[in-house]
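Have the model open while you read.

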Amino acid sequence: MNWLKREWKTVPVWSMWLAAAVSGAIWILMMLLFAGPLLSSGGVPVPMVALYGLLAGLFALLPATYVLTIGYVNADARRRGMRSGVWTAIAALIPNAVGILLYFLFREPLPVACPRCASPADQRLRFCPQCGQTLGPQCAACGRPTEISWSNCGHCGAKLARRDLTAA
Ligand SMILES: [Zn+2]
Ligand SMILES: [Zn+2]
């Protein structure tokens, strides 16, 4: 569950506050509308009203997870260099979580930091768009980028040693 801990750090604080406010408001509303009248009528035993309060609290948590997910989409789209405003709107406005599903289907891979100039680069790129540094492994013989799965260089045919595969 380490990935969950890591991704949780991406969830912006504003969405946590919003989620808490939405849940709290729904819970208070449900208590005012139903629990209050039930208690004052006197016909319903207090433990039943308390149970209702608990269930209402659980129900009120559902919209909170929705708000948190939309907050996550907003921050995650930004760090992936995607249009976060558009994706936040899609995630929030298309009903039944279809917008959220679309986001996870179409999101771009996380950018990698260029080892030379540290600017974020699309991880599918072979060279840094800012400074031209090779991103990922390269062949020791010809200096061209290689794939992790190659045992021979696809450009010059040289045998790739283990250290060539990991060298940047
Ligand atoms: Zn660079
Ligand atoms: Zn080569």
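1. Start with α3 and α4: the pair counts as roughly antiparallel because their angle of about 155 degrees is over the 145 cut-off. Keep in mind throughout that this is a predicted model.

2. On the geometry of that pair, helix α4 covers residues 84-93, and its axis lies 8 Å from that of α3. The crossing of α3 past α4 is right-handed.

3. How are α2 and α3 oriented to each other? They too come out roughly antiparallel, since the angle at which they pack is over 145 degrees. That angle is about 155 degrees, with 8 Å between the axes, and α3 itself runs over residues 46-79. Here as well the crossing is right-handed. As for what makes up the contact of α2 with α3, its residues split into 23 nonpolar and five polar, with no charged ones.

4. Have a look at α2 by itself. With 29 residues (13-41) at 1.5 Å each, α2 should span 42 Å, and the 41 Å between its end C-alpha atoms agrees with that.

5. Last, the overall layout. The chain is split into domain 1 (2-108) and domain 2 (111-168). Between the C-alpha centres of domain 1 and domain 2 there are 42 Å.

Notes. Residues numbered from 1 in each chain as written. Chains lettered and ligands numbered in written order. Predicted model: local features only at pLDDT ≥ 70, side-chain atom pairs only at ≥ 80, totals over all residues. Helix = DSSP H or I, 4+ residues; strand = E, 2+ residues; numbered from the N terminus. Expected span 1.5 Å × (residues − 1). Axes fitted to C-alpha atoms, helices over the stretch in contact; angles between N-to-C directions. Parallel < 35°, antiparallel > 145°, perpendicular 65-115°, else oblique. Left-handed = near helix turned anticlockwise from the far one by under 90°. Nonpolar A, V, L, I, M, F, W, Y, C, P; charged D, E, K, R; others polar. Domains from an automatic or database assignment.
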